[in-house]
Each structure stands twice: as structure tokens, then as C-alpha cells.
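Subject: Structure handover and notes

Dear colleague,

Please find the structure below, followed by the notes I made while going through it. I would be glad if you could read them beside the model.

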Amino acid sequence: MLTIKVLGSGCANCKRLEQIAHKVVEDMSMQAEIIKVTDYNDIMAYNILSTPGLVVNEKLVSAGRIPSEAEITTFLTNALMAE
Amino acid sequence: MNILSFLTDLLYSGLGNLASYLAAHVLLCLLPAFYIAGAMTALIPKETVTRFLGRNTPKLISYPAAALAGSLLAVCSCTIVPLFAGIYKKGAGLGPAITFLFFAPAANILALIYTGGVIGIDLAIARLILSLAFGIGIGIIMALIFRNEDVEHDKATDAMFAAQGKMRCVALIFLLVLVSLLLSGTLKVGLLTDTYATLTVPISGMDKFQGFLYNLIPYDSTKGEEGVTAQGAILIALLVLIGITSWKGMENIFDGFNIWTWTSLSLVALTLLIAAVGMSPRSVGLDILINGKFFGVLTALVILGWILKTKLTEDETRDFLWESWKFVKQIFPLLVVGVFAVGVIRALIKPEWIETLAGQNTLLGNLAGVVFGVFMYFPTLVEVPIAQMFLSLGMHRGPLLAYLMADPELSLQSILIISTIIGKLKSWTYVAWVALFSTLAGLIYGAWVDGASIGLVSLYLIVFLALLSALLWFVNHRNEQKSASVPADC
């Protein structure tokens with residue numbers, strides 16, 4: 001099972017990214033846990049300079065923007081293959 | 001009796017202020033400003049600036065780069081806080097981080113454009129230059145005061161700041177055309193404001209409509225209030241339409257563009273064109289004055305449309321529209337409420353109060369401006385209409401600048417967030433320095449407005465900076481001696 005983390009304090013883009021992540025997971029009908037990380041010290045542990053950030057299985061895959069659904073699908077597929 | 005009519009008066013004052021505000025100021029200045037901010041967020045890769053903020057960058061580059069990052073990248077708190085934490089903990093250190101923190105709210109692109117459009121270019125430029133000088137100044141001071149703690153950076157590498165970003169040429173052109181759209185709509189030069197042709201549309205009754213509006217929303221031009229014209233009413237109606245179509249077209253933009261997206265964009269273009277021309281209603285019809293602004297705005301819009309359609313990728317267009325819409329959604333409602341509240345408050349404040357307190361460029365007046373800025377928290381950009389209210393009530397431009405510098409920097413909310421990252425002591429030291437520098441900024445700018453020569457003003461500035469650096473050198477020197485006297489092995 002994949003662990004997906006959405007890094008962000010709760011600004012508009014972070015919420016949007018969380019929605020898209022949920023949608024992609026549903027569309028791919030896969031098992032995944034989506035966690036919101038809102039504490040800045042925890043967010044900074046991932047070495048990002050702007051939110052929202054997306055972390056799949058503890059690996060940072062995107063930061064500072066909202067990736068498209070297609071991109072997120074690719075991230076998740078790659079992570080599944082690596083498992 | 002009086003309570004009811006008093007309340008109605010307040011309500012009218014608020015609504016009147018809001019209506020005249022939307023009609024007069026928002027369109028040619030704020031609308032392009034939102035799109036510029038959106039384009040900057042979406043199209044400038046953050047790495048173009050952040051790579052100068054790493055730990056190994058010389059101070060001469062990292063401080064200005066931090067200010068630049070504040071101005072270009074940080075309109076939204078989503079960027080400000082992580083970038084601040086990143087620069088502080090893993091990058092250039094406390095000094096540039098503070099410079100960034102100071103500069104971002106005071107001189108980001110939205111705040112500058114808005115100040116320039118509403119209050120005056122002179123105040124916008126003063127805000128920019130003084131924020132730059134003082135932002136870097138406070139950064140250096142903080143770095144010196146806390147330099148012992150600043151060395152304990154964590155051991156991560158510079159990798160986070162190493163990424164290279166390249167901005168696409170066409171994105172840069174897009175941004176420049178957006179800026180020229182703003183300038184052609186707001187600059188007051190003869191070439192743009194002269195009328196070149198007059199078109200008479202045979203719509204009768206527009207003059208009556210305008211008279212009706214003046215009756216509905218009475219105004220007193222001696223108090224700096226503005227009425228709503230017939231043109232203003234049309235523009236407000238268009239704004240409402242833009243709001244509705246954008247809600248349908250932009251909110252779901254990640255599911256793809258739809259007909260509403262393009263409708264709302266066309267409406268924005270139409271609105272800007274109508275806002276650019278002059279209108280004078282007469283009994284026989286409506287005179288439309290085609291001026292230079294109209295041609296400037298038209299040209300810019302055509303180029304923008306062409307780049308948007310043919311040169312930008314779909315992802316870029318989507319990001320650009322989404323970021324712009326996000327700013328509108330985030331800031332505009334607060335601005336509407338704020339402007340309404342300003343209208344209500346204006347009816348309550350007596351001009352004599354402001355005049356006694358801050359009508360002159362005195363130390364007390366400037367302090368009053370700063371204290372008001374620190375203890376009142378207004379959402380982003382609302383400080384500008386509030387400043388305009390003070391100006392029309394007789395506040396001197398010096399204390400006004402002091403207020404404008406202090407208010408966005410210091411709010412309880414931002415102090416709390418900062419203190420979770422750098423600790424309470426550093427936060428409050430920062431607050432004290434901002435208060436001091438804002439007061440000085442007001443005094444210096446006020447002296448200039450009152451007619452002191454540039455030479456004298458720069459002399460003040462230089463004397464102050466010299467005193468400050470002497471003090472810092474002294475503190476630094478003493479600390480060095482102290483640390484030298486301590487045995488190395490303890």
C-alpha cells in the first residue's frame with residue numbers, strides 16, 4: 001500500500017492538491033493512505049521551498065505547484081513498480 | 001429617533017464608499033494586477049531566484065536576491081512561510097531570511113501597484129525604496145545580533161538551492177505585455193489621456209441615470225469622496241458578471257477549460273476596454289471618448305490573447321488562470337468588506353482628530369502611524385484603502401508612509417508564525433526594529449514632502465546609517481574581544 005503525503009498549511013493550492021490526489025487514487029482504484037502534513041517543522045523536513053508538496057512513500061515528487069492528474073498517476077505508478 | 005437614522009447613515013456611507021471604489025479604482029489597476037501576480041506565480045520558476053539564496057552565496061548577492069524573491073515570488077503566504085523557513089534553516093541564514101520577510105508584504109507586486117494606483121506613484125516608489133534599504137538593514141542587524149546562534153545551521157547540503165531554473169522567453173514577454181497593459185491603463189500622460197475621436201451612441205436617458213446615481217449615493221468632493229457615474233455603474237455590473245462566470249469557469253479549471261472560462265476572459269477584456277474610454281452622458285445620447293488609453297489597452301489585450309492561444313502550453317495557461325483566480329478569490333472578498341468598513345468608519349472619525357495627531361510630520365505623528373499599524377490587523381491590501389481614508393481626513397504623507405510600512409509587516413498572526421520558526425526573542429527583536437525603522441521612514445519621507453532638499457534628506461539617511469553601523473561595529477568588536485578572552489578549550 002502506498003503512503004501519500006500532502007504537505008501544506010491549508011492554503012487553497014494545498015487543499016486542491018489533496019482533492020486531486022484523492023481523485024487519482026479513486027480512479028486507479030488502488031490502496032493508498034493520504035496524509036495531510038500541516039506542521040511547518042515536519043514540512044521543512046522534506047527540503048521544500050514552497051507548498052504544496054507531494055510525497056509518495058517518503059519520496060518528494062513535486063513541490064511549489066499543483067501537478068496534473070496525469071503526472072500524479074505517473075508518480076503513483078512508478079512508486080507501485082518500485083514496491 | 002437618532003439611532004436608526006444614524007445607523008442608516010453609516011450603512012449609506014459604507015455602501016457609497018464601496019460603490020465609488022469599485023467603479024473608480026479597481027478596474028484598470030487591480031484587475032491587471034491580479035493577472036500579473038498570477039502570471040508571476042505560475043510562469044517564473046522559483047529556482048531562478050532561490051539559487052542565489054544558498055548558504056555559500058556571498059552576502060552581496062544573497063541580500064538583494066532575498067529582496068527580489070520577496071517582490072517576485074511571494075504574494076501568497078503559501079510561499080512566504082516555507083521560503084522563509086527554508087532560507088533561514090538551510091540556506092543563507094537569518095539575515096537574508098529577515099530581509100525576505102520584511103520585503104515580501106511591503107513591496108510585493110500587488111501591494112505596489114495598488115498603492116500606486118490608489119494613493120499615488122510617489123508613495124509607491126517611497127514604499128519600494130525605503131523597504132529595500134530598511135529590509136536589507138534590518139536583515140544585517142538581526143544577523144549581527146544573533147550571529148552566535150546563526151552558525152548552528154543544520155548540516156544539510158546546499159542541494160535544495162542548487163536547482164537551476166530557466167524562464168521561457170515567451171513567458172517573459174507575456175509578463176511584460178501584462179505590465180504594459182497595466183501602465184497604459186493607469187499612467188496619466190497626455191499621449192494616453194488625450195481624446196482622439198468621439199463616438200455618439202444614441203441612447204437617451206443616460207444623463208438622467210447618472211443624475212439618479214448621484215442622488216442615490218450623495219458625495220462630498222471636499223471630503224475626498226467620489227460619486228458613481230453611469231460608466232461606473234456599467235462597470236460594476238460587468239464586475240458582477242465576471243465574478244459569476246469566473247466562478248463557473250475557473251473553479252474547476254483542473255477538469256479542463258470550459259465555455260465559462262473563455263466567457264469570463266472575454267468579459268474581463270471588454271470591461272478593461274470600457275473602463276479605458278471616457279463617457280459623458282448628454283440628453284441626446286452617450287458620448288464615448290476614444291482616448292490613447294483605449295488603444296494601449298486594446299493592443300495589449302490582442303497580443304495577450306494571441307500569446308495565450310498559440311504560444312503558452314495548456315499547463316501554463318491553466319496554472320496562470322488558476323493562480324490569478326486564486327488571488328482574486330483570496331483577496332477580493334476581504335477587500336470588499338474592508339472598503340465597506342472604511343466607508344463606515346470614515347463617517348465616525350472627525351478630521352480634526354487626525355489633524356491634531358498626525359497632520360504634521362512630527363515624531364509623535366509618525367509614532368502614532370506605526371502604533372496604529374502594529375495593533376490593527378488588516379488583511380492583505382486592505383491597508384491601502386485605509387491609508388487613503390486617512391489621507392483624505394488630513395493625515396500628512398510622512399506618518400501615512402510610516403503606517404503603510406508598519407501595518408503589513410507586523411500583525412499578530414505573522415508574528416506568531418515567525419516565532420514558531422525563529423523563536424520568541426528573535427521575533428520580538430524584529431518587531432522592535434521594524435517599528436523603529438518605519439517611524440524613521442515616515443519622518444524622512446515626510447521631510448521630503450515638506451520641501452526639504454534631496455541632499456538634506458539623504459544626509460539624514462546617511463547620518464542615521466553611519467550611527468547605526470558605528471554602533472553595530474562597536475557591539476561586534478566587543479563581542480569579538482569577549483570571545484577571544486575565553487579559553488578555547490572550555
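**The core of chain B**

The largest nonpolar core holds 151 residues, and those with the most contacts inside it are F84(B), F100(B) and A441(B); such a core is a set of buried Ala, Val, Leu, Ile, Met, Phe, Trp, Tyr and Cys residues joined through C-beta atoms within 7 Å. Buried here refers to a residue with 20 or more other C-beta atoms within 10 Å of its own, exposed to one with 12 or fewer, and partly exposed to anything in between, with the C-beta atoms placed from the backbone. Helix α1 (residues 2–43) of chain B gives the most to this core, namely 16 residues. Because domain 1 (47–166 + 349–452) and domain 2 (168–340) of chain B both give residues to it, the core lies between them.

Before going further, please note that this is a predicted model, in which local features need pLDDT of at least 70 and side-chain atom pairs count only at pLDDT 80 or more, whereas totals for chains, interfaces and linings use all residues. Residues are numbered from 1 along each chain as its sequence is written, while chains are lettered from A and ligands numbered from 1 in the order in which they are written.

**Chain B as a whole**

Chain B has 22 helices and 3 strands, where helices (H or I, at least four residues) and strands (E, at least two) are DSSP runs numbered from the N terminus. The centres of its domain 1 and domain 2, taken over C-alpha atoms, are separated by 31 Å; the domain bounds come from an automatic or database domain assignment. Of the 490 residues in chain B, 44% are buried. Among the contacts in chain B with a separation of 6 or more, 81% are between residues 24 or more positions apart, a contact being two residues whose C-beta atoms, placed from the backbone, lie within 7 Å.

Leaving out residues up to four places away in sequence, A441(B) touches L130(B), F134(B), L401(B), A402(B) and M405(B). A358(B), which lies in helix α16 (residues 351–358) of chain B, counts as buried because it has 28 C-beta neighbours inside 10 Å. With the same exclusion in sequence, A358(B) touches G365(B), A368(B), G369(B), M395(B), H396(B) and P399(B), and the C-alpha atoms of A358(B) and P399(B), 41 residues apart along the chain, are separated by 6.4 Å.

In chain A, strand β1 (residues 2–7) and strand β2 (residues 32–37) run parallel and are joined by 6 bridges, with I4(A) standing opposite I34(A) in β2(A); strands pair if DSSP finds at least two bridges between them. S29(A), in the loop between α1 and β2 of chain A, has a positive phi of about 40° although it is not a glycine, and S29(A) is exposed, with 6 other C-beta atoms within 10 Å. E58(A), in the loop between β3 (53–56) and β4 (59–63) of chain A, likewise has a positive phi, of about 65°, without being a glycine.

The contact between the chains takes 22 residues from chain B and 17 residues from chain A. On the side of chain B that touches chain A, α4(B) gives the most, with 10 residues.

Best regards
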